[in-house]
Amino acid sequence: MQNASPTNTVTAWQLQDAKAQFSELVDKAMRGVPQHVTRRGKQAVVVLSEQDFEALQRSAGRRADQPRSFLQHLLAIPKVPEIAAGNRAKPRQSEVVPLDVVPRHLDFS
């Protein structure tokens, strides 16, 4: 089943329909309309034109190059689930997130 927008441009395809009409799907993506493909009723992939994909990568690169605020830096620190939830029990080995943080000694005297 395909979902059509008000302009009759198909933007969502079931996987079997996308396979059967792949050329049409690619043509629409190349015209700048991202094509969503579902698998077993769930969103699976999005097909973009090469131009749109490159623009997306450039945009992501610009954001990565921009300096982060101190708050953004703190929010980006990986969290260990048990500790984040307030449980002081030792986390399971599979959930330990290695940090590249080396504590330094502070002399308060």
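I started with Ser49, which sits in the loop between strand S4 (42-47) and helix H3 (50-65). Helices (H or I, at least four residues) and strands (E, at least two) are DSSP runs, numbered from the N terminus.

Housekeeping before going on. This is a predicted model, where local features need pLDDT of at least 70, side-chain atom pairs count only at pLDDT 80 or more, and totals for chains, interfaces and linings use all residues. Residues are numbered from 1 along each chain as its sequence is written, and side-chain values use heavy atoms, with hydrogens and water left out.

**Ser49**

Is Ser49 buried or exposed? I looked up its relative accessibility, and at 7% Ser49 counts as buried. (Buried is under 20% relative accessible area, exposed over 50%, partly exposed in between, with a 1.4 Å probe and protein chains only.)

Next I checked the side chain of Ser49: one of its polar atoms lies 3.0 Å from the backbone nitrogen of Asp52.

Which residues does Ser49 touch, leaving aside neighbours within four places in sequence? I found Ala29 and Met30 in contact with Ser49, contact meaning heavy atoms within 4.5 Å.

I also took C-alpha distances to Pro34. Ser49 is 15 residues from Pro34 in sequence and 7.6 Å from it in space. For Phe53 and Pro34, 19 residues apart along the chain, the C-alpha separation is 10.0 Å.

**Helix H2**

Those contacts sent me to H2. Helix H2 covers residues 22-30, and Leu25, Lys28 and Ala29 are buried in it. Looking down the axis of H2, I see its buried residues fall within an arc of 100°, so they line one face of the helix. (The arc is taken over directions from the helix axis to the C-beta atoms.) Ser23 and Met30 are exposed on the other side of H2. After H2 comes Gly32, with a positive phi near 95°.

**Nonpolar patch**

What forms the nonpolar patch on the surface? I listed Val46, Leu48, Phe53 and Leu56, which together have about 320 Å² of accessible area. Areas come from the Shrake-Rupley method with a 1.4 Å probe; for residues, only the protein chains shown count as cover. Patch members need over 30% relative accessible area and no salt bridge, with nonpolar side chains joined within 5 Å. (A salt bridge is a side-chain nitrogen of Lys or Arg within 4 Å of a carboxyl oxygen of Asp or Glu.)

Phe53 is in helix H3, and at 38% relative accessibility it counts as partly exposed.

**Whole protein**

I finished with the totals. I get 5 helices and 4 strands, running β-β-α-α-β-β-α-α-α from the N terminus. Buried residues are 15% of the 109 in the protein. Among contacts between residues at least 6 apart in sequence, 12% join residues at least 24 apart. The accessible surface comes to about 9300 Å², 57% of it belonging to carbon and sulfur atoms.

Notes:
A polar contact is a pair of N or O atoms within 3.5 Å; within protein, one must be able to donate a hydrogen and the other to accept it, and residues adjacent in sequence count only if both atoms are side-chain atoms. Patches are made of residues with over 30% relative accessible area and no salt bridge: like charges are joined within 9 Å, nonpolar side chains (Val, Leu, Ile, Met, Phe, Trp, Tyr) within 5 Å.
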